[in-house]
Amino acid sequence: MKTFGLAAALAAVAGMAQAEGTLALYNWGDYINPEVLTRFTAETGIAVTLDTYSSNEEMLAKIQAGATGYDIVFPSVHMNDIMIKLGLLEKTGINESPDFKNIDPAFLRAKEDPTSEYCLPYAWGTVGIFYNEDITGPITGWADFFAIPEKTGAKITLLDDMREVLAIGHIMNGTSVNSTDPAEVQAAADYVLAHKAAVNAFTYEVPPMLTSGDIAAGHFFVGGNVFFTEMPNIKYIIPAEGGTMYQENICVLASAPNKENAKKFMEFYLKPEIAALNVSQQFNGTPNIPANELTPDFIKSNPNINVGADTMKRLQIFEDIGAALKLYDRAWNTIRTAQ
């Protein structure tokens, strides 16, 4: 995200409204529609700043290292649980807001926050494969994906994400992406290692690399991609063998200097028109039930964005695996360093 340009736009809006303080967001890159922040500032007079991260682990490490000044973070559900256990999040009582009735209870997934006393469900989606059909032809899943380099000579990439990559091994082995069994984690790593030679890079830069033609396919998140509207030759699939889904929540840090303004932002995001505005640019699903009816038709009807019940059965979502995370750290290090 061009954070400099966004900051300038937000500052301009803030100048037109009566100053009501500030709010500092720390979010995944490109994971919020800039217009949402502009409208928040216009309505409240609160000036917003935005910094971005590329993984849950990067965000957690920065907060644990003592980063101050941030008010709101957007952790995935399992990281939401971890951060509550670590005492890093503030209990906001957002579930007592009148507009909380808009939230589908199915998205109250955090085990440490089952009634949303802390955090607000934000957005959700799937992790699958984007591919250039002009190069690869139709593909259906992970087996086809890993075969692309040998069949076409083109390049493929995996996410630079420990749990997402090891999840592929689990899925192909028929084990849970949240397994804490050392043998199953090792077997998942072995699957990835057996296919590593086909992988050009572990990266989050899939959209620009696909657009430029540097790669033919990449493992990536469904949300935020212009491919759905601007590049019809770039297709997206949820692998037939199975995949993962993600859900991020809006959470206030215990160290937040602007807790009242953070709560105002959460309440602002409960408005259906605001959640729908975000979806219209992000191409994610929303937990906000009435917001779904306000999203563009091509999003509502896209089975890769608003997935059906049969597809949901083959999706898994990450959970906090506690001390077993060390097993994944070791496996990931082996994968990244293997020649």
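Mentor: H78 is buried, having a relative accessible area of 6%; buried means under 20%, exposed over 50% and partly exposed in between, computed with a 1.4 Å probe on protein chains only. This is a predicted model, in which local features need pLDDT of at least 70 and side-chain atom pairs count only at pLDDT 80 or more, while totals for chains, interfaces and linings use all residues. Residues are numbered from 1 along each chain as its sequence is written, and side-chain values use heavy atoms, leaving out hydrogens and water.

Trainee: With which residues is H78 in contact, leaving aside its neighbours within four places in sequence?

Mentor: Contact means heavy atoms within 4.5 Å. By that rule H78 touches N56, R163, F318, E319 and D320.

Trainee: How should I read a phi angle?

Mentor: Most residues other than glycine have a negative phi. Here D30, not a glycine, has a positive phi of about 60°, and D30 is partly exposed at 44% relative accessibility. S116 also has a positive phi, near 60°, but S116 is buried at 3%.

Trainee: Which residues of helix α16 are buried?

Mentor: Helices are DSSP runs of H or I with at least four residues, strands are runs of E with at least two, and both are numbered from the N terminus. In an α-helix there are 3.6 residues a turn, so residues three or four places apart point the same way. In α16 the buried residues are L327, Y328, A331, W332 and I335. They line one face of α16, because they fall within an arc of 125° seen down its axis, the arc being that of directions from the helix axis to the C-beta atoms. The face turned away from them carries exposed K326 and R330.
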